[in-house]
Structure formats: C-alpha cells, structure tokens
Amino acid sequence: MPAARPELSLSLQFADPRHRALLPRHKVARFVRAALELPGEITVRIVGAEEGRTLNREYRQKDYATNVLTFDYADEPVVMADLVLCAPVVEAEAAANGKELLAHYAHLLVHGTLHAQGYDHEDSEEEAEAMEQREREVMAALGFADPYAEGAA
C-alpha cells in the first residue's frame with residue numbers, strides 16, 4: 001500500500017485562462033501533493049506575461065517574466081506558499097525543449113513546492129543536486145520522465 005500523502009488545502013487561480021482545461025484542480029493537487037513532505041496550504045496562480053514580469057521585477061529585481069515564482073511563508077508544521085506560474089513562459093519553454101506542456105507544468109509545480117519546503121538550487125552545487133534528485137524521484141512517481149534529461153517529454 002502506498003504511503004499516505006500529506007493533507008493539502010489548495011487554491012487554484014487562473015489570471016491567464018489559456019491552460020485552464022489542461023490543469024484541472026485534481027491534477028494540480030496531485031502534482032503539488034506528490035512533492036509535499038508535510039501538510040500544506042498552497043495557492044497556485046497561473047498568470048500572463050505582464051503579471052509574471054511585474055512580480056519577478058518587484059520580488060527578485062529581474063525585469064522579465066519567469067516560469068515559476070515561489071512565495072514561501074512557512075515550512076513547518078504546515079507548508080504555506082503561493083506558487084505563481086507564467087503561462088506564456090511555461091508554454092514557450094515546453095515548445096523550445098520539445099516537452100509535453102502538462103509534463104513541464106508538473107515539473108514546475110513540483111519544483112515550486114520543493115522551494116516552499118526549503119529546497120534550493122542557487123546556494124551550492126550539493127543543494128542543487130539534492131533538489132534535482134528529489135524532483136526526478138517525484139516526477140518518476142507521477143509517471144513522468146526525468147525533467148533534466150535531454151528531450152524529456
């Protein structure tokens with residue numbers, strides 16, 4: 001019998017509705033829950049390029065829209081975070097890398113959820129390797145290919 005997944009309270013918002021049909025609540029919850037190690041209260045917001053750029057500029061001082069932003073507020077005893085995914089960036093990256101759009105969204109949701117729990121990939125090579133390995137494990141458990149492999153779909 002598989003291990004029970006942590007409890008998740010999920011709010012799903014679409015400021016950019018282009019991928020609403022691709023991302024029904026049950027799929028988004030499955031992707032986020034697979035990466036959770038503790039119970040979580042997570043908001044996932046799918047945005048357009050303008051909102052994505054504004055948030056990245058205001059919070060990271062980078063003047064471009066990025067694929068996923070994680071705003072983490074607490075990581076225990078309950079993980080509390082907002083994950084903001086920029087639909088046009090996610091779509092362009094998937095196309096440019098020959099990846100299935102749903103698989104790329106799943107990876108970014110897993111990636112953001114891990115960030116919300118303290119995983120990082122910018123401070124050291126060891127942390128980056130640990131985070132990528134955890135992403136590979138979660139994606140495999142979800143039935144997706146290694147997101148870091150060349151041509152992973």
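Predicted model: local features only at pLDDT ≥ 70, side-chain atom pairs only at ≥ 80, totals over all residues.
Helices here are DSSP runs of H or I with at least four residues, numbered from the N terminus. Below is a quick tour of the chain as a whole, then a closer look at H2.

**Overall fold**
- The protein chain has 5 helices and 4 strands, and along the sequence they run in the pattern β-α-β-α-β-β-α-α-α.
- Its radius of gyration is 15 Å, close to the 15 Å from the globule rule for 153 residues, so the chain is as compact as a globular protein of that length.
- Along the principal axes, the C-alpha atoms fill a box of roughly 45 × 35 × 35 Å.

**Burial, contacts and surface**
- Of the 153 residues in the protein chain, 44% are buried.
- Take the contacts between residues at least 6 apart in sequence: 63% of them link residues at least 24 apart.
- The protein chain's accessible surface is about 8000 Å², and carbon and sulfur atoms account for 49% of that.

**Helix H2 up close**
- H2 covers residues 49–60, which makes 12 residues, and from first C-alpha to last it spans 16 Å, close to the expected 16 Å at 1.5 Å a residue.
- Its buried residues are Gly-52, Leu-55 and Asn-56; they sit on the same side of H2 because their arc around the axis is only 100°.
- As a rule, an α-helix has 3.6 residues a turn, so residues three or four places apart point the same way.
- The partners that H2's buried residues pack against are strands S2 (40–47), S3 (68–74) and S4 (79–86).

Notes
Residues numbered from 1 in each chain as written. Heavy atoms only, no water. Helix = DSSP H or I, 4+ residues; strand = E, 2+ residues; numbered from the N terminus. Expected span 1.5 Å × (residues − 1). Buried < 20%, exposed > 50% of the residue type's maximum accessible area, 1.4 Å probe, protein only. Arc of directions from axis to C-beta. Contact = heavy atoms within 4.5 Å. Rg over C-alpha atoms; globule rule 2.2 N^0.38 Å. Areas by Shrake-Rupley, 256 points an atom, 1.4 Å probe, with all protein chains shown as cover.
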